[in-house]
Amino acid sequence: MQRRDFIQLSGLGIGGLLTASIPVLGNAVSPEYLLEASGRGVGIDNAAKKRLADIALNAAKSKGATYTDVRIGRYLQQFVFTREAKVQNIANAESFGVGIRVIANGTWGFAATSDVTPQAIAKCAETAVAIAKANARLQTEPVQLAPQKGVGEVTWKTPIKKNAFEIPVQEKIDLLMKVNSEAMKNGAAFVTSNLFFVNEQKYFASTDGSYIDQDVHRIWPTFTVSAVDRAVGKFKTRDALSSPMGMGYEYLDGLASEKIAAPNGLVGYRNSYDMVEDAILGAKQAKEKLTAKTVQPGKYDLVLDPNHLGLTIHESVGHPTELDRVLGYEANYAGTSFATLDKWKTKNFNYGSKLVNIVADKTQPHTLGTVGYDDEGVPCKEWDLIKDGILVNYQAIRDQVAILGEKESNGCCYADNWDSVQFQRMPNVSLKAGSEKRSVFDMIKGVDKGIYIIGRGSYSIDQQRYNFQFGGQLFYEIKNGEIVGMLDDVAYQSNTQEFWNSCAQLCDKDDYRTFGSFFDGKGQPSQVSAVSHGSATTRFNGVNVINTGRKI
């Protein structure tokens with residue numbers, strides 16, 4: 001049974017409220033045209049989408065809905081997987097359908113259909129209203145939906161230079177084969193490399209008067225190289241230092257080339273990525289890790305590269321400031337949050353040091369979470385979560401902001417497919433760069449005893465997003481302002497408030513880069529979303545470091 005069918009049937013079982021079939025209101029759209037358009041790999045035009053959306057809006061209203069939104073979506077995915085000299089898999093997926101959400105009797109209802117025809121859409125709208133009325137029997141308080149002025153007919157597109165779906169598969173395979181062969185030439189015993197491409201073509205309409213067409217593109221190149229010491233049966237790995245981006249294939253071909261120098265020959269990538277260069281360096285570093293010195297546990301000043309710090313931001317700031325987690329709505333699956341409303345209401349809860357300014361932003365160019373409008377038709381924006389170290393706001397959508405005494409959604413509602421109900425999802429959450437001119441080289445010069453950490457590693461954090469442990473890809477020991485060698489078996493432990501209050505220094509905007517999560521899970525049934533986290537290299541003083549290898 002598909003998820004949309006389960007949602008529909010469970011709603012019917014509760015209420016048994018389906019009424020007689022309803023008339024199709026609006027101009028007809030040819031079913032043959034819809035099937036032909038989808039089958040030939042192109043989207044239907046906006047005029048046809050608008051006619052279909054109006055059918056749903058009118059049908060839901062005729063059955064008692066006081067609010068309705070419609071999402072007509074075509075979702076494309078292409079994933080390419082290789083290992084050494086072989087292509088392991090090429091996966092292409094396309095999904096096309098309609099999701100309809102309504103408020104009736106003060107309660108939400110949702111239904112979806114892959115039958116994109118006028119009669120099926122009208123029936124789907126009827127089902128959504130029936131489910132809302134069934135759910136209303138259990139609703140104790142009516143939905144309070146923040147007002148949203150309709151924006152009329154608008155479009156938004158990810159500003160890409162090359163559509164990844166128009167690049168021949170052979171060209172993508174050739175790139176991955178070169179990545180693998182160059183890594184093997186430079187010390188890798190094993191290597192896997194992958195490319196992920198996503199295109200969301202989303203049309204949103206609502207009774208507020210919005211008709212919004214969006215074309216969203218995302219890309220993620222990645223690999224893992226392994227070096228092996230066969231004499232002792234030991235191996236070490238290094239993952240790619242790429243970041244998933246809201247860009248086209250130009251991210252990989254050098255058209256947007258922009259690199260940032262870092263210590264020990266490392267390169268930080270911003271708005272471009274040289275996958276072959278990174279694989280060569282990755283193979284050499286994986287080999288170097290085989291003989292790296294194990295870390296001595298203790299207190300260290302940590303210099304954290306943006307490609308590493310992004311994950312810490314995601315887990316210790318991004319998730320705990322989701323309002324549905326704060327309220328306990330996600331407790332069964334994703335957990336809750338230590339950043340409770342009572343802390344926010346004091347207006348002086350010290351989340352971090354005065355240097356910590358963290359913003360939520362769905363407008364930042366080239367990032368995963370950036371769109372023009374969220375899946376409730378709300379124009380996207382930037383807003384403060386933590387200002388000068390103080391918790392000042394959360395991530396909230398139209399049916400949540402009344403809880404905060406606000407009247408405007410933050411514009412962070414999202415569904416991962418047309419058959420998924422939209423709900424609050426994390427926008428880009430980023431740490432602002434420092435205002436003083438400072439490079440990572442300058443920062444390291446000021447560290448007497450520290451560790452420079454690059455890349456995402458294993459991690460663990462409790463269900464309230466408070467106590468945590470983070471590893472990484474590469475670790476370099478700092479003594480008296482200089483990097484003296486590579487370390488291994490490093491992880492740092494802290495709690496969220498203690499960690500962010502140890503933030504002591506920030507590099508400036510010239511070092512600012514993004515990290516990304518391409519498959520961030522949440523909700524039941526589970527959905528995934530993509531989100532970026534930006535920062536410059538940042539220093540945290542006196543953080544507890546443990547040895548994960550127990551080889552002291």
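**View 1. The loop around glutamate 84.** Glutamate 84 sits in the loop that joins strand E1 (67–83) to strand E2 (86–104). Helices and strands here are DSSP runs numbered from the N terminus, a helix (H or I) having at least four residues and a strand (E) at least two. Glutamate 84 is not a glycine, yet its phi is positive, about 45°. This is a predicted model: local features need pLDDT of at least 70, side-chain atom pairs count only at pLDDT 80 or more, and totals for chains, interfaces and linings use all residues. Residues are numbered from 1 along each chain as its sequence is written, and side-chain values use heavy atoms, with hydrogens and water left out.

View 2. UniProt, in an unreviewed entry, lists residues 69–132 as "domain: Metalloprotease TldD/E N-terminal". UniProt positions are given in the numbering used here, feature names are shortened, and annotations may be inferred rather than shown by experiment. Over residues 69–132 the chain is 64% strand and 23% helix. The end C-alpha atoms of this stretch are 14 Å apart.

**View 3. Helices H3 and H4.** Two packed helices are described by the angle between their axes and the distance between the axes. For helix H3 (residues 46–62) and helix H4 (residues 118–136), the angle is about 35° and the axes are 8 Å apart. Axes are lines fitted to C-alpha atoms, for helices over the stretch in contact, and angles run from 0 to 180 degrees between N-to-C directions. H3 and H4 cross in a right-handed way, meaning that the near helix is turned clockwise from the far one by less than a right angle. From H3, the contact is made by Leu52, Ile55, Ala56, Ala59 and Ala60. From H4, Pro118, Ile121, Ala122, Ala125 and Val129 take part. Contact means heavy atoms within 4.5 Å. By class, the contact of H3 with H4 has 10 nonpolar residues, no polar and no charged ones. In this scheme Ala, Val, Leu, Ile, Met, Phe, Trp, Tyr, Cys and Pro count as nonpolar, Asp, Glu, Lys and Arg as charged, and the others, Gly among them, as polar.

**View 4. Alanine 128 in helix H4.** Alanine 128 has its place in helix H4. At 0% relative accessibility, alanine 128 counts as buried. Buried means under 20% relative accessible area, exposed over 50%, and partly exposed in between (1.4 Å probe, protein chains only). Not counting residues up to four places away in sequence, alanine 128 touches Ile100, Val102, Gly109, Phe110 and Ala111. Alanine 128 and arginine 101 are 27 residues apart in sequence, and their C-alpha atoms are 6.5 Å apart in space.

**View 5. Domain 1 and domain 2.** The protein chain is divided into domain 1 (24–291) and domain 2 (293–547). These bounds come from an automatic or database domain assignment. The centres of the two domains, taken over C-alpha atoms, are separated by 22 Å. The contact takes 63 residues from domain 1 and 54 residues from domain 2. For residues 297–542, an unreviewed UniProt entry gives "domain: Metalloprotease TldD/E C-terminal". That span is 14% helix and 35% strand, with its end C-alpha atoms 12 Å apart.

**View 6. Glycine 246 and histidine 366.** Glycine 246 lies in the loop between strand E7 (234–239) and helix H6 (250–253). Its relative accessible area is 7%, so glycine 246 is buried. Beyond four places in sequence, glycine 246 touches Thr158, His217, Arg218, His366, Thr367 and Leu368. Histidine 366 belongs to the loop between strand E12 (358–361) and strand E13 (382–387). Histidine 366 counts as partly exposed, at 26% relative accessibility. Histidine 366 has a positive phi of about 75°, although it is not a glycine.

**View 7. Arginine 465 and its contacts.** Arginine 465 is found in the loop from strand E19 (459–461) to strand E20 (467–470). With a relative accessible area of 12%, arginine 465 is buried. Leaving out residues up to four places away in sequence, arginine 465 touches Glu315, His319, Pro320, Arg325, Ala334, Thr336, Phe338 and Thr496.

View 8. Serine 502 is in the loop between helix H12 (496–501) and strand E24 (503–506). Serine 502 is buried, at a relative accessible area of 13%. Residues touched by serine 502, not counting those up to four places away in sequence, are Arg539, Phe540, Asn541 and Val543. Proline 525 is found in the loop between strand E25 (513–522) and strand E26 (527–535). The peptide bond from glutamine 524 to proline 525 is cis, with omega near -5°.
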